[in-house]
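Student: I have a model open and would like to work through it with you. Could we look at it together?

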Amino acid sequence: MSQALSYAIPGLPYGCVFALLGMGLVLTYQTSDVFNLAFGAQAYASAVVFFIVVRDGWPVWAGFLVAVVFGAPLLGALLQAVLYRHVRTQPPLVKLVASLGMLIAIPAVLEVAFGADQLINPPSLWLSPSAIYLHAAGATIDGTELSTVVVTAAVALLLSLMFHFTQIGLRMQAMAESPRMVSLAGVNAEGVGLASWMLSSFLAGLAGVMLAPAFGGLQSISFTDLLVAAVAAAAAGSLKSLPWTFFGGILLGVAEELLSGYLPSGEILSSGLRPAFPFVVLLGLLVFLPRLRKRWARSDDPLAGCDPPPAPLSSSTGGPLFRRASRGTIVLLAGAFVASTMTWISGSWVFTITEMLVFAIVFLSIVLLTGMSGQISLCQAAFVGVGAFTAGQLADHFGLSIIVGMFLAGAASAAVGVVVALPSLRLGGLALALATLAFGLLADNIGFQYSWSGNGQSGINVPRPQLASINFTSNRAYFLLVFVVLCVCIAVVRAVARGTTGRQLAALGGSELAAASIGINPARLKIIVFALSAGIAGVGGALYASLDGSVSSSDFNTLISLVLVVVIAIVGVSSIEGAIEAGVAYVLLNTVLTNDLPTQYSSLLELAFGAGVIVYVLHPEGVVEVSKRFVLDHLRRQPDGNGLAT
Amino acid sequence: MTALLEVRNLRKRFGGIRALDDVSLEVRANEAVGLIGPNGAGKTTLFDCISGVQRADRGRVDLAGERIDDLGVYRRARLGIGRTFQRLELFSAMTAREHMLVAERERRGDGSLLKDLLWKGAPRRDEIARVDELLDELGLEELADAPIESLSLGQGRLVELGRALMRGPRLLLLDEPSSGLDSLESARLAALLRDICERRQIATLVVEHDLELVHSLAQRVYVMDFGSIIGAGTLEDVLGESSVRRAYLGDEV
Ligand SMILES: Nc1ncnc2c1ncn2[C@@H]1O[C@H](COP(=O)(O)OP(=O)(O)O)[C@@H](O)[C@H]1O
Ligand SMILES: [Mg+2]
């Protein structure tokens, strides 16, 4: 018993931080319908600002004012004003991408600005982290832990007073019931929304600054992991109840420490389970708590019907002549492109181009899943990884050429896709996204760490294949292989898109209820599309593995899944061209810009990313569709010459 | 002759609210039946329990003598229950024509992933012809390829009706088909529905506030209030009953 206590007590401060972040999530979700996955990043931002200011000689209280009291709410208000305000009535994908974009962009910008490596031993807010203040049941309680618990308890008390007795608190509660009702009652709903964003961001900033000393160094990834637990806490409160979220967070922090105390140390299962544990909890809550599923699936605002319908993510089509002409152009361009790559383009560029095509295959799998049927997966990198490691292990142990291995890799990924789809059948929208995120974390932290799978950070070697007399160690030969596979994948996706399955998928994405009402079996269809999508991702993974010659688990971590979804969404998730252009853009930004430009320009990349997300929120159909429409409108206006008149 | 749809003692609660309280009714083949009652009476909940969107707490539903209340929505649709929705459930990002095409393919039930991959999945000529015919009938031919978001509420309801019809139902559940239409449009809709259902031999159960439409469409009506059926018969008879007048029209009799 006392041993259990000694494990549990160090979990309390973590639990407090989960609780603070979780309450922020619930608050903003209720008032503005956005599930802000970027709170972890905001916590990190406050911690960094606090660090910098205090390091530069300001007193701690001034740092606290700058970083938490003013800075954090300001950031929240800014995000709301520039970004989240626009996504309220948009489809789940747009909401998700907006917050994912910030989750990625905020830490990236900060790291470029302040240099992540130098931020060690963050100052503590109140009590000294190295001093032991209490001994309880065999556990020692240091200053960070004590101050976190005390401050959190005080904040919780103040919050509950605020919600019960102040006008703004009551209005926030009313807003949670129905924002439209609140505006009808003459209250400035925007103002109340803004206030809730500032309050939630303050909680996030406070959590970040308080917990920072416990991490030893400021790394954005530890803060992003915090959010994972905060999401589970929010789920424990059914995304509605602040008290339940609070207790859920505390309980989770304690359970996490208990778990790592009792699990045998030094094994992959125990070291990997800890970061994934909150999401295992979340997955359980999602699958077994019907109330939560419903709440996440659609808003239950009694006046929700008054909202304009979400903008369609449809693709524009020109006339038949335009289509025929553009098809001809595409074939010509592709021919010229292949010919050039095979002859005069330099070897290192051939490698880069091949990498683009590999990623085009990966993005194609997201176009199929998310673009065509509206299902959001945040574990696509894990599917790619399953393919890469399947083909790699087969090549390593049995000398199987990846030309054959690629098919088995696709089959293995498809099987995993089915496994992921099965528990997620009754989930939709954001809930599905979070469930797949949970799976991605499990794959990343546990699945890919074994020597028989991904072999962790050390990874495995995957030789290039040989077919008869063609040796694919030549980059040009390998390019040709990848090009052919990409064409086959495109043909498959097009065949699905124009056929029965494609129309069923579009129907499912449009309205699952109505799709079922005409006899479509949603469960079966989801399993099919997950299997197909994961299969294509797996084939891409096999090609990726052999392109580079070696792969490790860090090539497929969860953050990459998130980046992939954000990139394809920005570029255009509803068309096959989108996948190709996203492949080009991703590789350009990821390798070419970062490797070939001097480091002071690398912040451009993150800025581009953030700007891309903002543009996306305003034009959710994606950059490709927007520019295509622009060109089409332009062409249409030319003949009659009176474009200005209309 | 047994009824096409037989609902027996359905009960459904949401927390403390009795949305359905021992509801029984039946619809015979080729018959058009009205279901009227004030807002919150439980009409939509009844439709949900018949079509499988909700499971009733108690009671049973039979379609053509076969018990269906433990089947999912799509299984019931395949057995011949078609419906429209009070709050529109359109396939965003699909045109009206595509709505009909997907339903037509479901009716035939001959599509498969394998056929798609063999490049045989595109709409066939006879499917397109049938779809065009229905679009004509509904007066949607002009709007067939317009983005679905650009349609008015009334046009959206027509698309939902067309989608349900294209699936080839035996029983059609219509939830307030005329809301969002003006009186001229709703008169046209009544004629259209009568014509289509007679010709295709479809039974209908229609929830409607527009009593004119109910009168011209339905041979008999049920009246619901507070989750119970409080009256049944021809519209004239039912409206003569004092309990109905009190509940539905708020008359002080
Ligand atoms: N999903 C639900 N959760 C809770 N209450 C519901 C739900 N659906 C309907 N109700 C309640 O059940 C009653 C009947 O509603 P409904 O069937 O929509 O009535 P009608 O269609 O006759 O206007 C109403 O009081 C409504 O508030
Ligand atoms: Mg209703």
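Student: At roughly what angle do the axes of helix α3 (residues 39-55) of chain A and α4(A) cross?

Tutor: Happy to start there; this is a predicted model, in which local features need pLDDT of at least 70, side-chain atom pairs count only at pLDDT 80 or more, and totals for chains, interfaces and linings use all residues. Helices (H or I, at least four residues) and strands (E, at least two) are DSSP runs, numbered from the N terminus. Axes are lines fitted to C-alpha atoms, for helices over the stretch in contact, with angles from 0 to 180 degrees between N-to-C directions. The two axes come within 9 Å, and they cross at roughly 145 degrees.

Student: Is Trp61(A) buried or exposed?

Tutor: Trp61(A) sits in helix α4 (residues 60-82) of chain A. Buried means under 20% relative accessible area, exposed over 50%, and partly exposed in between (1.4 Å probe, protein chains only). With a relative accessible area of 60%, Trp61(A) is exposed.

Student: Why does Val617(A) count as buried?

Tutor: Val617(A) belongs to helix α25 (residues 602-618) of chain A. Leaving out residues up to four places away in sequence, Val617(A) touches Leu83(A), His86(A), Val87(A), Gln90(A), Val94(A) and Ala98(A). Val617(A) counts as buried because its relative accessible area is 1%.

Student: How far apart in space are Arg426(A) and Ala523(A), C-alpha to C-alpha?

Tutor: Arg426(A) is in the loop between α17 (402-421) and α18 (429-445) of chain A. Arg426(A) is exposed, at a relative accessible area of 63%. In sequence, Arg426(A) and Ala523(A) are 97 residues apart, while in space the separation is 7.9 Å.

Student: Turning to charged pairs, how many salt bridges does the structure hold over all chains?

Tutor: Side chains of opposite charge can pair when their charged atoms come close. A salt bridge is a side-chain nitrogen of Lys or Arg within 4 Å of a carboxyl oxygen of Asp or Glu. Over all chains, the number of salt bridges is 26.

Student: Which residue meets Glu104(B) in a salt bridge?

Tutor: Glu104(B) is buried, with a relative accessible area of 0%. The N to O distance in its salt bridge is 3.1 Å, and the partner is Arg130(B). The pair links distant parts of the chain, 26 residues apart: Glu104(B) in helix α3 (residues 96-108) of chain B and, in helix α5 (residues 125-138) of chain B, Arg130(B).

Student: What separates the closest N and O atoms of Arg199(B) and Glu137(B)?

Tutor: Arg199(B) is partly exposed, with a relative accessible area of 49%. Glu137(B) is also partly exposed, at 22% relative accessibility. These two form a salt bridge, and their closest N and O atoms are apart by 2.7 Å.

Student: What share of the 646 residues of chain A count as buried?

Tutor: Chain A has 26 helices and six strands. Its accessible surface comes to about 26100 Å², of which 67% belongs to carbon and sulfur atoms. Of the 646 residues, the buried share is 54%.

Technical notes
Residues numbered from 1 in each chain as written. Chains lettered and ligands numbered in written order. Heavy atoms only, no water. Contact = heavy atoms within 4.5 Å. Areas by Shrake-Rupley, 256 points an atom, 1.4 Å probe, with all protein chains shown as cover.
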